[in-house]
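Please look through the sequence and the model below before reading on.

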Amino acid sequence: MLYREDAPEALPSQTPPASKILKGEAESRAPASPAPAARTRERGGEAGTGRQQDGTQAAEVSDHCRSASAGRSDPSEEQQLEQEEADFTSLRASWEKAKFRLRRLDGHNDIVTCAVAVDNLVVSGSRDTTVKVWHVPTATEQKNLGGHTGGVTCLSVPPPEYCKRLAWSLSLSDRERFLLSGSADCYVKIWALSVGQCVKSIYTFNAVTALCFVPEGDGYIVAGSDGGKVQAWSWHTFENCQSASAHQEAVTSIQSQGPLVFSGSAGGEVSVWENRRSARDPLRLLHRWSGQVTGCRGGPGGRLTLSPRGDRVFLGYGRAWLKILHWKTGTTSRLTNHSSITGVTDCVHQTGGLLIGSCYDLANGESTLNLFSLPQCRYLASLTWPDAPRILCFAAWTTGSGDHRWVTGGRDLIVWEQLPSSGKRRGDVTVRRDGGLDSCSLESEGDTEDDEETDDHEDDDDSGGAGEGAPAGAEDGGPGSWLRCVLQ
């Protein structure tokens, strides 16, 4: 049944750029509504002893110092820890009572590969070559943006101030919002949403597999290709100002954080770039970590998604856990995202004080979203519903009242609307807790032979498909088939 809201809500185009964090991380204490975020104690420490790249020194781990200080009988410190634990318990209890109403957006006739939110609209891209614009309050299709001749793989929305500059040059309204889309047809297109027209096409010579708008200086469009290239275009002149052979395999994720740009590849590589705001070659490589370092070696055709947060980058790469890369040092931690080895993680996202990882069980076909508190990465709850499809992309925002609104894409495009927990209306989502995730939270990783053998064994399993335990109709075959699904 279609649920209508009394009034449209405002959807921010994207999370505001992080402050310049080249000299360290200032951890956010933003609330992970519906309850205040808990500032809880980290379990086992964030930084493990990772594999080091040549020329990069290992960071000094201060977790032992924390453990020693925690043993002191300081009444104020003990009270603080007790309060933090109480806050986390309250937050966890609130999510156990969370209710969401789901609404499916029907219109695409193939896999939905990407989705973003802008104003009171949701924009989705699909393998069916179209970009569709949806009005959230009424769950109706507003526009169908046709123009790509290949599957749409990625979307990005410039902030309003950058949209104004382009609108002025095109004699459009100051309120015009623009959208960037990338496709397997080798084009990046810029769309004016109010009129539903393409105002600029950029030919890239390679299939576009990742895209990001970088709001620094005059602004930059940064795209990744199936050949491993990272390219940048000036938002002011639309001229290509950089083309770098950044990865050995397809670039599957690009994200920005202040002056930094993060790119990840199908081979598990992660590169960190500094935006120098220059007219030529604005991106300067700071670090490049191989798949051996990140532990995300998935082989050709895999997909790595990333979400940066200060000195850390959360990585999802088709395994039962998330990896946390400390990008300055190359040390890694592992966050369990499924209690079974048959679970695969397709995307990872941050919103407010939440870390959200999607999970699909290849053995039984069950799809869930797992919620963790930030910055401590403690497990809160899992959300699912009957016959939930595999989730390949995720977008999130909050309303003026602080309620969550999410969009998930894959076989279906679905809007999640948070309902008041105290209301009588019944939610469509089942909220539960996975005891296996409670007992296996954040784990440090070391450069051991056992780790190497485990990673190699898992890669061998992936190369063979879903395995005997997977249903014959498992969506898209397995964790490594996403790019093939999109680009064919």
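## A pair of neighbours

Which side chain does R411 meet in a salt bridge? The partner is D412, with 3.8 Å from N to O, where a salt bridge is a side-chain nitrogen of Lys or Arg within 4 Å of a carboxyl oxygen of Asp or Glu. R411 is partly exposed at 45% relative accessibility, whereas D412, at 18%, counts as buried; buried means under 20% relative accessible area, exposed over 50%, and partly exposed in between, with a 1.4 Å probe and protein chains only.

## The model as a whole

This is a predicted model, in which local features need pLDDT of at least 70 and side-chain atom pairs count only at pLDDT 80 or more, while totals for chains, interfaces and linings use all residues. Residues are numbered from 1 along each chain as its sequence is written, and side-chain values use heavy atoms, with hydrogens and water left out.

The protein has seven helices and 31 strands, these being DSSP runs numbered from the N terminus (helices H or I, at least four residues; strands E, at least two). Of its 488 residues, 56% count as buried. Among contacts (heavy atoms within 4.5 Å) between residues at least 6 apart in sequence, 57% join residues at least 24 apart.

## Salt bridges across the sequence

In general, side chains of opposite charge can pair when their charged atoms come close. The whole structure holds 15 salt bridges, and one of them joins R378 and E85 at 3.0 Å from N to O. This pair links distant parts of the chain, with R378 in strand β26 (residues 378-384) and E85 in helix α2 (residues 75-96), 293 residues apart. R378 is buried, with a relative accessible area of 5%, while E85 is partly exposed at 32%.

Another salt bridge is formed by R277 and E216, whose closest N and O atoms are 2.8 Å apart. Because R277 lies in the loop between β16 and β17 and E216 in the loop between β10 and β11, the pair ties together parts 61 residues apart in sequence. R277 is partly exposed, with a relative accessible area of 45%, but E216 is buried at 5%.

## One side of helix α3

In helix α3, which spans residues 160-169, the buried residues include Y162, C163, L166 and A167. They lie on the same side of α3 because they cover an arc of only 140° around the axis, taken from the directions from the helix axis to the C-beta atoms. The buried residues of α3 pack against β7 (178-183), β8 (187-192) and β10 (208-214). Just after α3, S171 takes a positive phi of about 60°.
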